[in-house]
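Please look over the protein shown here before reading on. The report begins with the whole chain and then turns to two of its residues.

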Amino acid sequence: MPTETFEFQVEARQLLQLVIHSVYSNKDVFLRELVSNSSDALDKLRLETLRDDALDVDASDLHIEIETDEDARTVTVRDNGIGMSYDEVTRLIGTIANSGTATFLKELREAQDAAGADGLIGQFGVGFYASFMVADEVTLVTRRAGEAQGTRWTSRGESTYTLESVEDAPQGTSVTLHLKPADPENQLHDYTAAWKVREIVKRYSDFITWPIRMTPKAAVAADAPEGQAAEAEAAPEPETLNSMKALWARPRDEVSDDEYHELYKHISHDWRDPLEIVRLQAEGTFEYQALLFVPSHAPHDLFTRDYQGGLQLYVKRVFVMDGCKELLPSYLRFVKGIVDAQDLSLNVSREILQQDRQIRMMQRRLTKKVLATVKDLRTKAPDDYGTFWREFGTVLKEGLITDSDNRDAILAACSFATTHDADEPTTLAAYVERMKDGQDDVYYMTGESRQAIENSPHMEAFRAKGIEVLLLTDPVDEVWVDTVGPYEGKQLRSIAKGQIDLGDDEQSATDEEKEKKEKQGEEYAGLLGWMSDHLAEDVKEVRLSARLTVSPACVVADASDLTPALENMYRAMGQEVPKTKRILELNPEHQLVRALKQAHGDRDDHTTLTETAELLHALAVLAEGGQPKDAGRFVKLVADRMERTL
């Protein structure tokens, strides 16, 4: 096949220009990314040989090789892994299929700090492009395992690249970088120097499970750091640069935080340090080791269908599966890490994992360990817990719906905004400790924002009596509050549903108060009956309210009804939800309601009162964030009333 020239995809071209022309403080990350890609390719080949007995490949010495040539100013990173076909090279290298490309480009432009810019490339799975930070030209030669023909890809990182088929390509992939001139002032080092390659590999890739070998073709640069001897012009034997020690198998006191952080960055493609490290070693009839990481930042696609969660699964330190979702429930899908089991088969499949008793045991214990770690963060590192809850609180609360076995542990790890403190969230346990004498329920309200909830008419009586209310603003809150049962014998209760009777400071109302309430009921009976008939299409009942102190009216749901937000959520998912009529509650102490009662009793013609009743209902709907049924009629009625007042 002749050499063909192609143009980069628009997003790829934009990315290349950003990489080439941006000023990075640490250009060493290009080698980390290439080594990581090679490691992935070797992992994939090992898996293919386990799954496909007919695959005719030599997997006896899988390794990564770094070759430097000082005279030609080239660095080559080579592996004998899975390789790529011609079509795969076109799809993976010439274009960027990642759904987060636009987000990546936006974040890359905004990442002014060095750490942010250096790490974003790996986060979005386009680490290969980091090569153009240090190279004027990049040549990739690859052959997929089991195929006869290879592919050569070449580009100068501008608008085009070339592709051609080659006959003599070895199995795997080699990436040759034709390096730019060294420029130490701009952190562009001499990457043909063996000492520099050794330093980068030791810092970033020491834990890689495959041997990383170096074969320099020329002497180390004369300006090598003090204490490092100049090396021979040609290394007689390849040097293995990494220890290949599994960090999860080493005692905690033998591993530095920096080593753990680099392992996390390698497996997660995140540029930030993890928020927390979770270690677990299980011994006995079923042995395994786990090294898990809680990230410090939620990925941009955490709530998308295509999000790739899951842990890396090893069996006796042999990598067997990436993205193993059976090891943790979906509400912990943000957790990254490695699990190394001693008693699983190397040929384990996802179908087997779903039914395996040992995997279920591992999931239960790993889940409990992560939840306990999150709970402990609140007391041991409040700032870190605050970061965790801001980034992952919403997804963690999904477990309150799906994981009844761990519901208590999840609740113990949760915190909620509250009227008790405008800045600090609270736990359910702390709320219960602060409950007033005689209070039987944990009160909450759901809404779009804290401000919207605090301004709701439903809050008036609770504010007046100093009763604490939890303020729940995540969409998932609409669901889990109806799923969990009582907490320490206290039922969770929405202040926007059902009858609310907050009682009085005394154990029971006085005879005078009871008489006043009965008298009010008699006085308003006619108005309530008339309004119930007139508004029958929109409300199921009109009644006096015990929750209002300032507003004239509010709408509430029966205790068993869906909230409007939950109805909208179900409809957005394509589910048919019957329309639920609400209850209109009137404040008998409000001047408008008193005047309406008086006018209803004095007049025989209720035409103008009908409009007032409609307006009162529409205002109550607006107050809770809803929309009037007929916006045009509502505007007309308001305009007419305003005109009469002038």
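## The protein and two of its residues

The protein has 21 helices and 22 strands; helices (H or I, at least four residues) and strands (E, at least two) are DSSP runs, numbered from the N terminus. This is a predicted model, in which local features need pLDDT of at least 70 and side-chain atom pairs count only at pLDDT 80 or more, while totals for chains, interfaces and linings use all residues. Residues are numbered from 1 along each chain as its sequence is written, and side-chain values use heavy atoms, with hydrogens and water left out.

Of the 646 residues, 50% count as buried, that is, under 20% relative accessible area (1.4 Å probe, protein chains only).

The table places the two residues.

| Residue | Location |
|---|---|
| L140 | strand β4 (residues 135–143) |
| K27 | loop between α1 (10–21) and α2 (29–51) |

Why does L140 count as buried? Its relative accessibility is 2%, so L140 belongs to the buried class. Contact means heavy atoms within 4.5 Å; leaving aside residues up to four places away in sequence, L140 touches several residues, including M84, F128 and W153. L140 and W153 lie 13 residues apart in sequence, and their C-alpha atoms are 5.0 Å apart in space.

K27 is also buried, yet has no salt bridge, meaning a side-chain nitrogen of Lys or Arg within 4 Å of a carboxyl oxygen of Asp or Glu. The nearest side chain of opposite charge to K27 is D183, 7.6 Å away; Lys and Arg count as positive and Asp and Glu as negative, while His and the chain ends are not counted. Beyond residues up to four places away in sequence, K27 touches M133, V134, N186, Q187, L188 and Y191.
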